[in-house]
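Keep the sequence and the 3D view at hand while reading.

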Number of protein chains: 2
Amino acid sequence: MAKDRKIDMVILGLLSHDNLTGYDIKKQIDGSIRFFWKGSFGSIYPALAELEKQGSVRRLKSNDGGGREKIIYSITSQGKEILKAWVRDEKASNDLKYETLMKLFFGGVESKETALRNIEVFEEQIKADLKVLQVYKANIEKALDEEDHVYFYLTILFGIETYEAYLKWCNKARKVLA
Amino acid sequence: MAKDRKIDMVILGLLSHDNLTGYDIKKQIDGSIRFFWKGSFGSIYPALAELEKQGSVRRLKSNDGGGREKIIYSITSQGKEILKAWVRDEKASNDLKYETLMKLFFGGVESKETALRNIEVFEEQIKADLKVLQVYKANIEKALDEEDHVYFYLTILFGIETYEAYLKWCNKARKVLA
DNA sequence: ATAATATATATCAAAATGATATATCTATTT
DNA sequence: AAATAGATATATCATTTTGATATATATTAT
């Protein structure tokens, strides 16, 4: 692998919008980008330390004295250059790991009812996520004049489009199994 | 994490259909299930060794003597039980890591042309994959009477449904950016 | 006042990736 | 017949990521 830490780009990307703590970064991943990416604390904090060491992010403020420990990071011009180079680079790995589908693929070892139940669980999750996405969409459509929002909007549209396809598939799958 | 190796289930699942070598397993992952899962040699071979040690798979035949080294594995009844228990278990993690989308999400740091180019690259890949899926679909529809094929068929339908949604999104995205 | 939850950083074993090394077998070209 | 290229086959390794856990403070609800 060697020097291809995707989490670095997530961090630099989010910091290009705002100054954030590691915790903030996690929250934003779980919020706005979770429909196409995810990341854990275990990768965020070590990555932040490395990015600081290499000069791509800067420690803006940290409560060393009293109060709660809290480190706010900002992106440096070097970090911004790295981010831009990555955006310009055409190659991109798009991987999905759908355990539901895998359970279904090997569904032959169990009953049809089990397969249907797995589809149902999947469907419920997607429906819940779709509702969240639709709220996001409605909110962002009020603020589409700002350029950065357009890109956010596109990823929301992606989420909605794919999740609706999943729901369509759930219905088809039920019919095929019946 | 501790004791939650997903690759084990991929291996047990594939072995529940056929006796296979590690290399065969990789080929099947890259072939039939790559639209919702992927796996590398680096996880397959160590997992096979562990599964054998715990008695979930059995070494069927290995050319220890002359000729090329080749180890064919088969699933044991214990392995089948583990596989069934996993299929019955409702919880499933469905994660996607779409670098294209991430590049688009942070597209604001670069030009609109870059964003459009990233969409184009994504679209080309999806179109190529969709063609493969359609061939799979046509072939399997001739053999849908066998029960196991139905589950394979469902995953193909999933692939087609989602990939068509991706293409629809590509068109929408272009319009939004224009 | 106290309990529960959210904020915040950090670390770790286990798992997975992607690359590389090694070697044999098969098909094609010269 | 020899050489070359590509497919088959196993194995290992550093790097990256996950998911869990530990620790501690701040905020909110009871």
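Q: Which residues of helix α2 (residues 22–31) of chain A are buried?
A: The model is predicted, and a residue counts as buried when its relative accessible area is under 20%. An α-helix has 3.6 residues a turn, so residues three or four places apart point the same way. In α2 of chain A, the buried residues are A:G22, A:I25, A:K26, A:I29 and A:G31.

Q: In what order do the elements of chain A run from the N terminus on?
A: Chain A has seven helices and three strands. Read from the N terminus, the order is α-α-α-β-β-α-β-α-α-α.

Q: Is chain A more spread out or less spread out than a compact globule?
A: For 178 residues the globule rule gives 16 Å, while the radius of gyration of chain A is 20 Å. The C-alpha atoms fill a box of roughly 65 × 40 × 40 Å along the principal axes. Because its radius of gyration is well over the value from the rule, chain A is more spread out than a compact globule.

Q: Which residues of chain A lose the most area to chain B?
A: Chain A and chain B bury about 7,200 Å² between them, and 68% of that is on carbon and sulfur atoms. The contact takes 67 residues from chain A and 67 residues from chain B. On the side of chain A, three residues together make up 11% of what is buried, and these, which lose the most area, are A:F105, A:F106 and A:Y151.

Q: Which residues of chain A are in contact with B:F122?
A: B:F122 lies in helix α6 (residues 112–141) of chain B. B:F122 counts as buried because its relative accessibility is 3%. Leaving aside neighbours within four places in sequence, its contacts in chain B are B:Y98, B:T100, B:Y166, B:W169 and B:C170, and those in chain A are A:N94 and A:F158.

Q: Is B:L133 buried or exposed?
A: B:L133 is also found in helix α6 of chain B. Beyond its neighbours within four places in sequence, B:L133 is in contact with B:F35, B:I156, B:G159, B:I160 and B:Y163. Its relative accessibility is 0%, so B:L133 counts as buried.

Q: Is B:K131 buried or exposed?
A: Helix α6 of chain B holds B:K131 as well. The C-alpha atoms of B:K131 and B:I160 are separated by 9.2 Å, and the two residues are 29 residues apart along the chain. The cut-off for exposed is over 50% relative accessible area. With a relative accessible area of 63%, B:K131 is exposed.

Conventions
Residues numbered from 1 in each chain as written. Chains lettered and ligands numbered in written order. Predicted model: local features only at pLDDT ≥ 70, side-chain atom pairs only at ≥ 80, totals over all residues. Heavy atoms only, no water. Helix = DSSP H or I, 4+ residues; strand = E, 2+ residues; numbered from the N terminus. Rg over C-alpha atoms; globule rule 2.2 N^0.38 Å. Contact = heavy atoms within 4.5 Å. Buried area = accessible area lost by both parts, 1.4 Å probe. Buried < 20%, exposed > 50% of the residue type's maximum accessible area, 1.4 Å probe, protein only.
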